[in-house]
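This briefing goes through one model by topic, from a local turn to the overall fold. Please keep the sequence and the coordinates at hand while reading.

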Amino acid sequence: MYHTRPATTADLPAIHQLIAACETRLHGRPQTDPDAVAAHLARPGLDPTTDTRVVHDEDGTLVAHAWVDRRCEIHVHPEHHGQRLGTQLLHWAETRARQTGIPRITQTIPDTDTGATKLLAAHGYQPLVTSWLLETTTREPVTPPPPGITIRAFQAADAPEAHLVTEDAFDEWQQRRKDFPEWARNTVRRTTFAPAMSPVAHTRGGQLIGVLIALDDPRNPYGYIESLAVHRDHRNHGIARHLLRYAFDAFARNGKPTTTLWTHSETGALTLYQRVGMTVRRSSTVHAKELFVGETGAKRQAS
């Protein structure tokens, strides 16, 4: 027998253990750190009492978790597959999304998770965006940046400008803009944030025009780039390439010769990463479902 209730902050360690078990089954090792789990629960607009669920078995062990806020994430412990927990949580997420008037719900699934992919297809989800995990062991010599540009390691005082440059760049494709507290929770305030591996680019006048955020998780044998952004007025001058090579070299000098990052098809950045020697390790797909197809505006408002 299973018991379901909303998640609380006290559940965060158990949720992280659950996600780690799911990732280990699919990829051989955990990928998500505890700070990322906490950041999801603290998303602006997400109310844990109505927008999250945790499922415990009869022994009190947390075996499934879900949250919904335009995006949706559902995890079921591998030992509890086949009990329809994923289907039940998917129905809950869609119902909750309709109650709040969300027109479309999305969920990102690793392409190796064929069971989850089939479940979403059976419930009317369609592929929307492809994401790739890229990696490289390339360590080319770090060359001087373009004239008038300085590249150095991230400093605490860079955070406000780094937030603006990143969000301005990501506005071109992301659904919503993060305010500084949310951005910081996902980047510079994570315990795995690695300022020494996170370069920024400045003009001679002191304007920050590029930033790379790197994470260094001691549990993982490789470095990870969380985000890379260059001000639109300074693109196509090789700045992103210099930031990447700075990070690759910094990780290699600190015992992690392999660096990884995620990108997706809406950013148009795949060729940039391939040009600096990165290759695809694996892929995921964002699946989407329109929730009010064929319904009148009055009926949608009533939902």
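Which residue in the turn of the hairpin that S3 and S4 form has a positive phi? In that hairpin, which has 1 residue between its strands, Arg70 is the turn residue with a positive phi, at about 70 degrees. The model is a predicted one, in which local features need pLDDT of at least 70 and side-chain atom pairs count only at pLDDT 80 or more, while totals for chains, interfaces and linings use all residues. Residues are numbered from 1 along each chain as its sequence is written, and side-chain values use heavy atoms, with hydrogens and water left out.

**Overall fold**

- The protein chain has 10 helices and 12 strands, where helices (H or I, at least four residues) and strands (E, at least two) are DSSP runs numbered from the N terminus.
- The radius of gyration of the protein chain, taken over C-alpha atoms, is 21 Å, close to the 19 Å that the globule rule gives for 303 residues, so the chain is as compact as a globular protein of that length; the rule itself is 2.2 Å times the number of residues to the power 0.38.
- Taken along the principal axes, the box filled by the C-alpha atoms is roughly 65 × 45 × 30 Å.
- Buried residues (under 20% relative accessible area, with exposed meaning over 50% and partly exposed in between, for a 1.4 Å probe and protein chains only) make up 50% of the 303 residues.
- Among contacts (heavy atoms within 4.5 Å) with a separation of 6 or more, 70% come from residues 24 or more positions apart.
- The accessible surface of the protein chain, from the Shrake-Rupley method with a 1.4 Å probe, comes to about 14,600 Å², and carbon and sulfur atoms account for 52% of this area.

- Strands S2 and S3 run antiparallel and are joined by 5 bridges, and they count as paired where DSSP finds at least two bridges between them.
- The hairpin of S2 and S3 has 5 residues between its strands, and Gly60 in that turn has a positive phi of about 90 degrees; within this pairing, Thr52 stands opposite Trp67 in S3.
- Strand S3 (residues 62-69) is in turn joined to S4 by 6 bridges, again in an antiparallel arrangement, with Asp69 standing opposite Arg71 and Val68 having Cys72 as its bridge partner in S4.

**Cysteines**

- The structure holds 0 disulfides, a disulfide being a pair of cysteine sulfur atoms within 2.5 Å.
- Cys22 counts as buried at 10% relative accessibility, and Cys72 counts as buried at 3%.

**Helix H2**

- In helix H2 (residues 34-41), the buried residues are Asp35, Ala36, Val37, Ala39 and Leu41.
- What covers these buried residues includes helix H1 (12-27), helix H3 (48-51), strand S2 (52-56) and helix H7 (180-186).
- At the start of H2, a side-chain oxygen of Asp33 comes to within 3.0 Å of the backbone nitrogen of Asp35.

- His163, which has its place in helix H6 (residues 159-170), is buried with a relative accessible area of 8%.
- A polar atom of the side chain of His163 lies 2.9 Å from the backbone oxygen of Lys178.
- Not counting residues up to four places away in sequence, His163 touches Lys178, Asp179, Phe180 and Trp183.
- Glu140, by contrast, lies in the loop between strand S6 (126-136) and strand S7 (149-153) and is partly exposed, with a relative accessible area of 32%.
- The C-alpha atoms of Glu140 and Ile102 are separated by 46 Å, although the two residues are 38 residues apart along the chain.

Terms used:
A polar contact is a pair of N or O atoms within 3.5 Å; within protein, one must be able to donate a hydrogen and the other to accept it, and residues adjacent in sequence count only if both atoms are side-chain atoms.
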